[in-house]
Amino acid sequence: METSNGSSTTDFILLGFSDRPQLESIISVIVFIFYIVTLVGNTTIILVSYLDTQLHTPMYFFLSNLSFLDLCYTTSIIPQMLANLWGPKKSITYGGCVLQFFFALDLGATECLLLAVMAYDRYAAVCQPLHYTVIMHPELCQKMVLTSWLGGLGSALILCSLTMKLPRCGHREVDNFFCEMPALIKMACVYSKVIEIVVFALGVVFLLVPLSLILFSYGVITRAVIRIRLAGRWKKVLNTCGSHLTVVTLFYGTIIYMYMKPQNTTSQEQGKFFTLFYTIVTPSLNPLIYTLRNKDVKSAVKRILVIDKCSAKA
């Protein structure tokens, strides 16, 4: 107990990519660029969805929440990562590590549920178009988003408390670029079967169940799309659903690989690059995927820019 309590007041060292110093400067530039893209892209989606009344629909309400979530997620990780890559110190305080770990878990689990909610929204829009506004009424949308956020919060509280209670026997080196669960579990000097069972159980609830619902929704949507004879509507359905499905594939693919496998079977180096992908690359791609394939967002941006120009002239 003394070792555990003693180690809880000591700063942790984030090793990151320190074993490959020649890559650190390259990685830092890439991460910085992706972070700027994430900030600009997701902030744009939130502002456009709020300012343009034509986008006051369930789809863009959920998309705004996803963008806000991605902003919080990357901001909880990247600034500290860049400070460590650019500065001489690679440490993080115990409190900072706990907060980073907690928010990464919370926001990651919330995104899993939110993507399932968005799939249901697309199912209702394509398969029940006449009843869509009745089914996806504002109160239901708010409750679904609130449930996603509370579900993520609950899972983070459970996993964070269990993981941080593990005895570390003085170990301070986190073999990753941020305080993530697999790296923190590997720091422990004891093997915890309880945590492995809890991680697997929550993985089923937050990964496999939502993914199954998403795949089922898109199976039904695919059947409905095949029956659509109007080329314009068929193309619009593919654009909106294709964007969401691309995001789902990128996010769930890497997360399931990292969290649903036994921890001792994942190579640490391989794990770092997978983590880099879903924490940094995916959040920056989300706004690009949704805007490049979505005429509604492009039109909304143009309308807002035209209004701004007219206001400036007046």
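**First stop: the cores**

Start by selecting Met81, Leu115 and Tyr252: in the largest nonpolar core, which has 60 residues, these touch the most other members. A nonpolar core here is a set of buried Ala, Val, Leu, Ile, Met, Phe, Trp, Tyr and Cys residues joined through side-chain atoms within 4.5 Å. Buried means under 20% relative accessible area, exposed means over 50%, and partly exposed is in between, using a 1.4 Å probe and protein chains only. Helix H5 is the biggest contributor to this core, giving 12 residues.

Now zoom in on Met81. Setting aside neighbours within four places in sequence, Met81 is in contact (heavy atoms within 4.5 Å) with Phe17, Ile27, Val31, Phe177, Leu276 and Ile280. Apart from this core lies another, of 27 residues, including Leu14, Ile92, Met164 and Ile185.

Before going on, a word on ground rules. The model is predicted, so local features need pLDDT of at least 70 and side-chain atom pairs count only at pLDDT 80 or more, while totals for chains, interfaces and linings use all residues. Residues are numbered from 1 along each chain as its sequence is written, and side-chain values use heavy atoms, with hydrogens and water left out.

Colour by pLDDT, the predictor's confidence in each residue from 0 to 100. The mean over the protein is 82, and 84% of the residues reach 70 or more.

Zoom out for the overall picture. The protein has 12 helices and 3 strands; helices (H or I, at least four residues) and strands (E, at least two) are DSSP runs, numbered from the N terminus. Of the 314 residues, 48% count as buried. Among contacts between residues at least 6 apart in sequence, 80% join residues at least 24 apart.

**Next: helix H7**

Select residues 138–164. This is H7, with 27 residues, reaching 39 Å from its first C-alpha to its last. That is close to the 39 Å expected at 1.5 Å a residue, where the expected span is 1.5 Å times one less than the number of residues.

Which H7 residues are buried? Among them are Cys141, Met144, Gly151, Gly152, Leu159 and Met164. Show their surroundings: the buried residues of H7 pack against strand E1 (12–14) and helices H3 (58–75), H5 (94–127), H8 (181–187) and H9 (193–227).

**Then: the two disulfides**

A search of the whole structure finds 2 disulfides, each a pair of cysteine sulfur atoms within 2.5 Å. With bonded cysteines counted along the chain, their pattern is 1-3, 2-4.

Select Cys97 and Cys179 to see a disulfide with S to S at 2.0 Å. The link spans distant parts of the chain: Cys97 is in helix H5 and Cys179 in the loop between strand E3 (173–174) and H8, 82 residues apart. The torsion about the S-S bond is about -120°, so this disulfide is left-handed. Both ends are buried, with Cys97 at 0% relative accessible area and Cys179 at 0%.

Move on to Cys169 and Cys189, joined with S to S at 1.9 Å. Cys169 lies in the loop between H7 and E3 and Cys189 in the loop between H8 and H9, so the pair ties together parts that are 20 residues apart in sequence. Here the S-S torsion is 60°, and the link is right-handed. Cys169 is partly exposed at 39%, and Cys189 is partly exposed at 34%.

Back in helix H5, pick Ala119. Buried or exposed? Ala119 counts as buried, at 0% relative accessibility. Ala119 and Leu215 are 96 residues apart in sequence, yet 8.6 Å apart in space, C-alpha to C-alpha. Beyond four places in sequence, Ala119 is in contact with Ile214, Ser217, Tyr218, Ile221 and His244.

Finish with Ser49, in helix H2 (residues 21–51). Ser49 is buried, with a relative accessible area of 7%. Not counting residues up to four places away, Ser49 touches Leu55, His56, Tyr60 and Ser64. Draw a distance to Ser64: the two side chains make a polar contact at 3.4 Å. A polar contact is a pair of N or O atoms within 3.5 Å; within protein, one must be able to donate a hydrogen and the other to accept it, and residues adjacent in sequence count only if both atoms are side-chain atoms.
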